[in-house]
Amino acid sequence: MDLPKNAYFQGKIVPYSEAKVGVATHALNYGTAVFGGIRAYWNDEKERLFVFRPQDHYQRFLNSCRLMCMEVDKTAESLTELTLELLRKDAYRQDIYIRPLAYKSEEGIGVRLHDLKEDLTIFALPFGKYIKNDTSAHVTISSWRRIDDNVIPARGKISGAYASSALIKTDAARAGFDEALVLTQEGHVAEGSAMNILMVRDGMLVTPPITDNILEGITRRSVMELARNELGLTVVERTIDRSEVYICEELILTGTAAEITVVTKVDYRPIGKGVMGPIGGQLRQLFSDVLRGKNPKYAHWNVAV
Ligand code: PMP
């Protein structure tokens, strides 16, 4: 994987090789950090990079900070500005992934959130497809359960919580699957290892509510809006049973990294006809144009660098 060129680190933009922390750093030891994941897409015709919904990502990032008792004295707007500054310096002419990370930077021993120094870093690096089979993914139901909001706040993007996502992903990958769906403690479908889930049932688009321990995905929100406005679909947020995903007509995973990934098999059971369905196909096409700044109706989601 390519390394970042530069990083915003300790208040200024420095070469990536200078953005280093000590091994006693609190966040490295205890997972006391929060992060974001934002993509920017290169538009060949306009010769520009477009960042997708950075302010919405930063709003969620600041909420994650609050959940972890971090005081970042920045707004979604100023974080977006800072990101644009970094990207102008990086001068990438390809699709990239941007990673803001706020972390407890204190060096020493002691598990807590209070009375600790904290810092903010942002870096970007070239990034392509996250799931190779993104039009024919085969997923399994993980034997791990989704973290509960009363264990680690599920709507926060908290670094420590991703130890759970990593277990989910690696066990699925080693068993030969592209991804895994993870159930809540009550046994309802929550999401994938790092993506939300939406299914088509009886012609409607159905997705778990934000109170079912999901991350409040920006892609999920965008896809729900596109489905309603552009495909005229009814979109329903409700709890989903495990057995529903075996018999639904279509199944998609959404995320900044996964974009819109179409699932065609769950635990060896074909979804619908076992190939990408019409709604998944149309949403992928629509969303790909929107991401690259090629759909003027959604231009407000694209921030040009
Ligand atoms: N769930 C989890 C656990 C995630 O890490 C992500 C990726 N940020 C998502 C869902 C999808 O969220 P988004 O569309 O905002 O990237």
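Modeller: What follows goes from the overall fold to the cavity and its lining. Keep in mind that this is a predicted model.

Biologist: How many helices and strands are there in the chain?

Modeller: The chain has seven helices and 17 strands. Its radius of gyration is 19 Å, close to the 19 Å that the globule rule gives for 305 residues, so the chain is as compact as a globular protein of that length. The C-alpha trace spans about 55 × 50 × 30 Å along its principal axes.

Biologist: What percentage of the 305 residues counts as buried?

Modeller: The buried share is 53%. As for contacts between residues at least 6 apart in sequence, 71% join residues at least 24 apart.

Biologist: Which residues line the largest cavity?

Modeller: Among them are Arg39, Tyr41, Phe52, His57, Thr219, Glu259 and Phe287. By class, the lining has four nonpolar, four polar and two charged residues.

Biologist: Which elements and domains supply the lining of the largest cavity?

Modeller: Strand S4 (38–43) and helix H7 (278–291) each supply at least two of its residues. Domain 1 (6–126) and domain 2 (137–291) each contribute at least three residues to the lining.

Key:
Residues numbered from 1 in each chain as written. Predicted model: local features only at pLDDT ≥ 70, side-chain atom pairs only at ≥ 80, totals over all residues. Heavy atoms only, no water. 1 Å grid on protein atoms, 1.4 Å probe; cavity = no way out; pocket = protein on both sides within 12 Å on 5 of 7 lines; lining within 4 Å. Helix = DSSP H or I, 4+ residues; strand = E, 2+ residues; numbered from the N terminus. Nonpolar A, V, L, I, M, F, W, Y, C, P; charged D, E, K, R; others polar. Domains from an automatic or database assignment. Rg over C-alpha atoms; globule rule 2.2 N^0.38 Å. Buried < 20%, exposed > 50% of the residue type's maximum accessible area, 1.4 Å probe, protein only. Contact = heavy atoms within 4.5 Å.
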